[in-house]
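Welcome! Open the viewer, keep the selection tool at hand, and follow along stop by stop.

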Amino acid sequence: MLKIGNYNTLPVVKIVDFGVYLDGGEGREILLPRRYVGRLPEVGDKLDVFVYTDSEDRLIATTEHPVATVGEFAYMQVTQVNRVGAFLDWGLSGKNLLVPFREQRSAMRDGGIYLVYVYLDDVTGRVAASAKVDKFLGNVIADYKRGDKVDALIIEHNESGYKAIVDNLHNGLFYNSDIYSPLVLEQHIEASVKNVRPDGKIDLVPVRNMLERTDEIARLIMKKIEADGVLRVTDKSSPEEIRERFGCSKKDYKKAIGSLYRKRLILLEDDAIVMGEMKR
């Protein structure tokens, strides 16, 4: 079945001077303009293309890659605002993406960058976008278990942490206590599921941050021991003291201590941490 606003693998049915026609099913032939055709194919060859409708509602294929496909969230920039709505730079030559006025949270401005959801309008058959993103989230059950890897789009930073969109379906949150270095807004990162809450929202931990965070804390611990000869902050210290001294949770601090101890870089005393055998 043809997926408008998404990628399709379609067979070539006709070759003409200005491009090739692809079989779109149900008697539909879809033009792939010549400028998007590399090596000239033969009839019957299958091509991977993105399919959308042009300004006259004709199906068109391209080998270009849009910023987002139907069912995805992305940040896009407004290129024009007119009487029908705002048009976004979709990443396709000569084709912008419409956000109708009814799908704008507030009036969009030329040049502004906005988070939108790309959808297929069931009435018109056209691909469009909506800035009212909340209505497209949390509509299916969050079927994840602890440790599952997901894609997370970072959309907001608040006093609790970083809000994210998980796998283009769910609301997620990275708590400040689980983050050692700042995350970048508007970026996709790989994350690990920490917990799925009863309301379907998902608590996350950055995958790349896990080892980086432990290594960085370990380096800070060694730096302080090398400077003072001893460190009085141990795994028995309060979470508040650990966070004040090292900017991390007690759990992460204990992971770093464990890593250093296994490498024999530190020795653990009752009320202190000192240099280990490998550093003497």
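Select the hairpin of β2 and β3: 5 residues lie between the strands, and Gly25 takes a positive phi near 80° there. Strands here are DSSP runs of E with at least two residues, numbered from the N terminus. Before moving on, note that this is a predicted model, in which local features need pLDDT of at least 70, side-chain atom pairs count only at pLDDT 80 or more, and totals for chains, interfaces and linings use all residues. Residues are numbered from 1 along each chain as its sequence is written, and side-chain values use heavy atoms, with hydrogens and water left out.

Now colour β2 and β3 together. They pair in the antiparallel sense over 5 bridges; two strands count as paired if DSSP finds at least two bridges between them. Click Leu22 and look across to β3, where Ile30 is its bridge partner.

Pick Lys14 and you will find Tyr21 of β2 opposite.

Stay with β2, residues 19-23. How many of its 5 residues are buried? The count is 4, so the strand is mostly covered; buried means under 20% relative accessible area, exposed over 50%, and partly exposed in between (1.4 Å probe, protein chains only).

For the last stop, go to the loop between β3 (29-33) and β4 (46-53) and select Val43. Val43 counts as exposed because its relative accessibility is 56%.
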